[in-house]
Amino acid sequence: MHRAPRRHDVVVVGAGSAGYAAARTARDVGCDVALVDKGPLGGLCILRGCMPSKTLLASSDALQDAREARALGIGIENMTADMPFIAARKRELVREFAEYRIEGIHDFRLYLGAARFLSPTQLAVGDAAVLEAETFIIATGSVVHAGIVPGLADVGYVDSDAVLELEAIPKSVVVLGGGYTACELGQFLARMGARTTLLIRSGHCLTETDDDVGKALTEYFREERIDVITHATLVGAERRKGEKVVRYLHGGEECEVAAEEIFYALGRVPNTQGLDLEKAGVVCEAGGAITVDGHLRTSNPGIYAVGDVTAEYMLVHVAIYQGEVAARNACLDAGEDADYRIVAAHTVFTDPQYAAVGATEKELRRKRVAYVSGRYDFAEHGKAQCLGKTKGFVKMMAARESGQILGAAVLGPQASELIHEVIVAMRFDATVDQFMRIPHLHPTLAEIWTYPAEACAAQLGRKIPGDEQVEMATSVPL
Ligand SMILES: Cc1cc2nc3c(=O)[nH]c(=O)nc-3n(C[C@H](O)[C@H](O)[C@H](O)COP(=O)(O)OP(=O)(O)OC[C@H]3O[C@@H](n4cnc5c(N)ncnc54)[C@H](O)[C@@H]3O)c2cc1C
């Protein structure tokens, strides 16, 4: 390779959600930007993440709604789940989303090929080009965590990429893991007809959540006959009589579960392989994540890292936010700190859905923050009763002194939409009494938030003068 290096102000490596956001922001403030990607173009979210998974879940949710419709007096006979149709619909939508994104990517000076650093200021793109810049933004995403269970590679399994490509549902599946991918797609497989077992190391699904949320979701899974085995330590896998067998330790005893397929859902790891980061002076943590400071700068101050490759939350909106912050810091010397207090809000598209913003109770207790909290069950809520969607609850936490909302969580219908109200409130540092002044339409699911807010306010001894609704609501049973 003897080509003269091509100079750009900023080179962004990876054209997924984080890289695309970084490139767009850098371009919008007047920088000459190059975008590098090894392909396929489109990014994880569109090709093998959020969009294909939520398209599949829309079908299994519709199937479940039809099953539950009898409770509303609607009988549906001869229901079918047409997996080839569902898979084709997903392919078509993904193709359309990707086409749109790729059109946007082509607006940039695009270099196709695998990137690797030659020095702190030079990057090779395959054998085709060498790029030179004072500033690089690395956004190379993540890869499926390589199988760590002895025997699993020989037995064979599907990971989250392969599950999304299934054209037929296996008769039975063992899901390894209890994170959001395991829960969302495990429930999808179960509802589509697979006898499903989740093997989870901790005491409930979604380990990071508060126990009340994780335990409730685990129970809902069990109610719909998903076998959730908690406190399971994986030992190995083998093939026996045409089935795939997973062995695990449970209560000190070795147990096993057999199924037609194994779904490996133990997470993803940052993708830094082949980038030759040491030649650029970029340091990684033990797990492979690129170490960044608050400004998203790596150990080399001219190089930033954003998105899954930093292992910070691994969510699309966080990836986009990081891309924008890093680009502003790189191009405008903005000195902006990435602030995850509200940005790290997240949701899980199980049924019932889960969503949360701000601190969990676990976190508040760990940090010894003085707080009050209120909870209200959907089973007690009028609109949820009308809809026949009564699983789950909402809760809100507020600072004991100021009444400022510190966090909130929903397990329940439309949780991914409902959480936005509290995200907005927290974005403007609202207190629970200010929150109570927000009018809520009736009857809506959203008005359920008034109850935990009122419960918090009551504990703080606050009420809004002259507001009868509040007088009334503080006496709501908690
Ligand atoms: C099944 C599943 C469901 C998900 N659902 C959700 C959800 O509902 N909500 C949510 O917020 N998040 C979800 N996520 C996570 C979300 O998809 C990721 O957090 C997000 O897409 C990461 O974006 P990124 O830009 O960091 O990485 P990516 O989108 O992976 O982009 C990385 C880019 O870098 C390129 N690249 C890699 N190496 C090189 C190299 N050496 N040279 C050049 N280019 C390179 C790749 O080709 C790719 O285009 C889901 C993930 C999965 C797997």
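Visitor: Let's start with a turn. Which residue in the hairpin of strand 14 and strand 15 has a positive phi?
Guide: Keep in mind that this is a predicted model. Strand 14 and strand 15 form a hairpin, and 2 residues sit between them. The turn residue with a positive phi, about 60°, is Gly251.

Visitor: And which residue takes a positive phi in the hairpin of strand 13 and strand 14?
Guide: That hairpin also has its turn spelled out: 2 residues lie between strand 13 and strand 14.

Visitor: Over how many bridges do strand 14 and strand 15 pair?
Guide: Strand 14 covers residues 243-250 and pairs with strand 15 in the antiparallel sense. Within this pairing, Tyr248 stands opposite Cys255 in strand 15. The bridge count for strand 14 and strand 15 is 7.

Visitor: On the other side, which residue of strand 14 stands opposite Arg239?
Guide: Strand 13 and strand 14 pair in the antiparallel sense, over 7 bridges. In strand 14, the residue facing Arg239 is Lys244.

Visitor: What is the bridge partner of Val348 in strand 20?
Guide: Strand 19 and strand 20 pair over 3 bridges, in the antiparallel sense. For Val348, the partner in strand 20 is Tyr354.

Visitor: Which residue forms a salt bridge with Asp351?
Guide: The structure holds 33 salt bridges, going by the 4 Å cut-off. In the one with Asp351, the closest N and O atoms are 3.0 Å apart. The pair links distant parts of the chain, 160 residues apart: Asp351 is in the loop between strand 19 (346-348) and strand 20 (353-358), and its partner is in helix 7 (residues 180-191). That partner is Arg191.

Visitor: Where is Pro40?
Guide: The peptide bond from Gly39 to Pro40 is cis, with omega near 0°. As for its place, Pro40 is in the loop between strand 3 (33-37) and helix 2.

Visitor: Which non-glycine residue has a positive phi of about 75°?
Guide: Look in the loop between strand 17 (268-270) and strand 18 (303-305). The residue there with that phi, although not a glycine, is Leu296.

Visitor: On to the ligand. Which residues come nearest to it?
Guide: There are 33 residues around the ligand. By class, that shell has 14 nonpolar, 13 polar and 6 charged residues. The ones that come nearest are Ala18, Asp37, Lys54, Asp308 and Val316.

Visitor: Which helix gives the most to the shell around the ligand?
Guide: Helix 1 (17-28), helix 2 (43-48) and helix 3 (50-68) each supply at least two residues. The top contribution is 4 residues, and it comes from helix 2.

Visitor: How far is a ligand oxygen atom from an N or O atom in the side chain of Asp37?
Guide: Take the other polar pairs as background. A polar side-chain atom of Asn271 lies 3.3 Å from a ligand nitrogen, and a polar backbone atom of Val316 is 2.8 Å from a ligand oxygen. For the side chain of Asp37 and a ligand oxygen, the distance is 2.6 Å.

Visitor: How much of the ligand's accessible area does the protein cover?
Guide: On its own, the ligand has 1,000 Å² of accessible area.

Methods. Residues are numbered from 1 along each chain as its sequence is written. This is a predicted model: local features need pLDDT of at least 70, side-chain atom pairs count only at pLDDT 80 or more; totals for chains, interfaces and linings use all residues. Side-chain values use heavy atoms; hydrogens and water are left out. A residue is near a molecule or strand if one of its heavy atoms lies within 4 Å of it. A polar contact is a pair of N or O atoms within 3.5 Å; within protein, one must be able to donate a hydrogen and the other to accept it, and residues adjacent in sequence count only if both atoms are side-chain atoms. Accessible areas come from the Shrake-Rupley method with a 1.4 Å probe; for residues, only the protein chains shown count as cover. Ala, Val, Leu, Ile, Met, Phe, Trp, Tyr, Cys and Pro count as nonpolar, Asp, Glu, Lys and Arg as charged, and the others, Gly among them, as polar. Two strands pair if DSSP finds at least two bridges between them. A salt bridge is a side-chain nitrogen of Lys or Arg within 4 Å of a carboxyl oxygen of Asp or Glu.
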